[in-house]
Amino acid sequence: MVFKKYIPLLALFVCFNTLSGQGDDGGVTFEMNLSKSKLGINERLRVDFKMNKDGDNFTAPDFNGFKVLMGPSQAISSSWINGVRSFSKTYSYTLSPTARGTFTIGQASITIGGKTYKSSPKKITVGAAVDKPSDQMTVDDVADESLHLVAEVSKNAPYLNEAVSVVYKLYVSPTISVSNYRPLDNPKYNNFWSQDIPVTRLNAQNGSYRGKPYRYVILKRVVLYPQRSGKLEIEPLSLEVTVDVPTSRRDFFGRAVYASTNKTVSAGKRTLNVKALPEEGKPANFSGAVGDFDFSVTTSKTNLNASESLQAIVAVEGKGNLKLFQLPEPSIPSSLEVYEPEFEENVRTTLSGSQGKVSNNYTIVPSFKGKYPIPPISFSYFNPKTQKYTTIESDEIVVNVISGPTSGSAGNTAVTSNDKQVVTATGNQFNFIKLNPNLVPIGTDHFFGSTYFWLWWLLPLLLIPLAILVLKKKRALDGDVSGNRVKKANRLARKYLSTAKKTLGNKEEFYIALEKALHNYLKAKLKIETSDFSKDKIASLLEERQVDMETNNGFIGLLKNCEMARYSPFSDVQMKQDYELASEVISTMDKQL
């Protein structure tokens, strides 16, 4: 009896601990759902593993007593409602029992936010065959198993600043067809320097996916250069695809009838283990070049006259991160005049990385006769294939100035220290400081009685007629009440719809901005929060404020279009029409409120 007395308290304690544990996980849920718990041996079973946050390292249980017909297929759902994001990801399997009896589907596991979560095991009872199986494959089931988006990464463990290519392929089973697709979420490639390789045409090719014949299309190609070492994540690419699936029904001519459905596919998140460049053997002048390069320092000529120019070119050519390091600078003698270099780049990017040539072109002008050596300079890079540093040193170049003034000419020399050359003036390059200032006395002008004095006196008399005209015009405008209301309404429309106008052509951003503009207008006019109201409530509110039915219906129709645009394709013409309708509705409504 005493034990029974404390049963309610014990149940309350267990419930409290369960809720506390869920709160510590930050609201993460991971569960297994079955299409049925009892089935015949000739029926099929669908098993879904569903989570409300994205995770990694999904591990399915051993399906003892069942044969996996299809799976795993992924489905992702993400939406924003009143500023709150809703996310759902599901791994699905289609199973067929291999024997009668009672079987247990064990725990599946996944890692979310660094923690491992497991689903609860569930029991399935398999009985005798039924006359009519009730769980034939649906259109969505076929689409899930026949459509796969894959991100193929060239290297999983590259070095810092080594090229990694990512190719996104959409695999489609020959049993279905794809009529349309649109990106939902493009990866941002944080901690990578990225270079897209445009896909000009979508060409379907034959291939295989998990040993089965498939067709695939390359949708996106990108080359990444990791900018820091450690584990770096490549965000997934998500698409919404319209799929046409054949059904068991036939038309009048005996052809299969197709059913359409929209599916969301994701390439999945990939993690690269980026290796740091080795410290052993790293040259002191290493500037971050990674690849396989040639280095050269050349001049357009070595024999010339004073005041003529020559070009000195410092160039690196090869394959690697050509756009991500600094070229070494030559050491030019101080008696040669050097201009800022012109940078030239001839680089193309393929799936194997960037290749081509980068160079700095220096213009050098000698002033005196003589021989001027340009000392050798070196360039160092790390080669990922050999995993070693390589240093290339240029040859010494001697510039021979054949004719021109010498640095020791009499009368035009400047004495310098022993380690500096004497500078000689040539022609009119340097002039003497002017000794005669040629100063002119400043005259004294009096303002009183001058022309400007009389103009300032007459200016107020001239402004009086102008002020009278302005006042008359203002009174006429103030008297035009209806015209002023129209102008004010047009200003309001432009104010609230300015953001929507900037996003014309981008369906999702445009309709979000348009919906905010409509709600903000009502909020400003009626001093209420209309974002919490339903469309019926807003329509009733406008009717109470004596807004005519046509304007009321136009406003509600715009709100409906904003909601429908999240799920249906809208053309640029439709967006422009909705924008013009919104301007007209706000202008008309402002006259009535």
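Is N57 buried or exposed? N57 is exposed, with a relative accessible area of 59%; buried means under 20%, exposed over 50% and partly exposed in between, using a 1.4 Å probe and protein chains only. Before the close-ups, keep in mind that this is a predicted model, where local features need pLDDT of at least 70, side-chain atom pairs count only at pLDDT 80 or more, and totals for chains, interfaces and linings use all residues. Residues are numbered from 1 along each chain as its sequence is written, and side-chain values use heavy atoms, with hydrogens and water left out.

**View 1. N57 and R210 each have a positive phi.** Most residues other than glycine have a negative phi. N57 isn't a glycine, yet its phi is positive, at about 55°. You'll find N57 in strand β4 (residues 56–59); strands are DSSP runs of E with at least two residues, helices are runs of H or I with at least four, and both are numbered from the N terminus. R210 isn't a glycine either, and has a positive phi of about 55°. R210 sits in the loop between β15 (205–209) and β16 (212–226), and counts as exposed at 56% relative accessibility.

**View 2. F293 and F379 form an edge-to-face pair.** The whole structure holds 20 aromatic pairs. To pair, rings of Phe, Tyr or Trp (its six-membered ring) need centres within 6.5 Å; planes under 30 degrees apart are stacked, over 60 edge-to-face, and the rest tilted. For F293 and F379, the centres are 6.2 Å apart and the planes make an angle of 75°. F293 belongs to strand β21 (residues 291–299) and F379 to strand β28 (residues 378–383), so this pair ties together parts that are 86 residues apart in sequence. Both F293 and F379 are buried.

**View 3. Q107 meets P61 across the sequence.** Q107 is in the loop between β7 (101–105) and β8 (109–112), and is partly exposed, with a relative accessible area of 46%. Q107 and P61 are 46 residues apart in sequence, but their C-alphas are 5.6 Å apart in space. Setting aside neighbours within four places in sequence, Q107 is in contact (heavy atoms within 4.5 Å) with P61, K118, S119 and P121.

View 4. Not counting residues up to four places away in sequence, S238 touches P183, L184, D185, V265 and S266.
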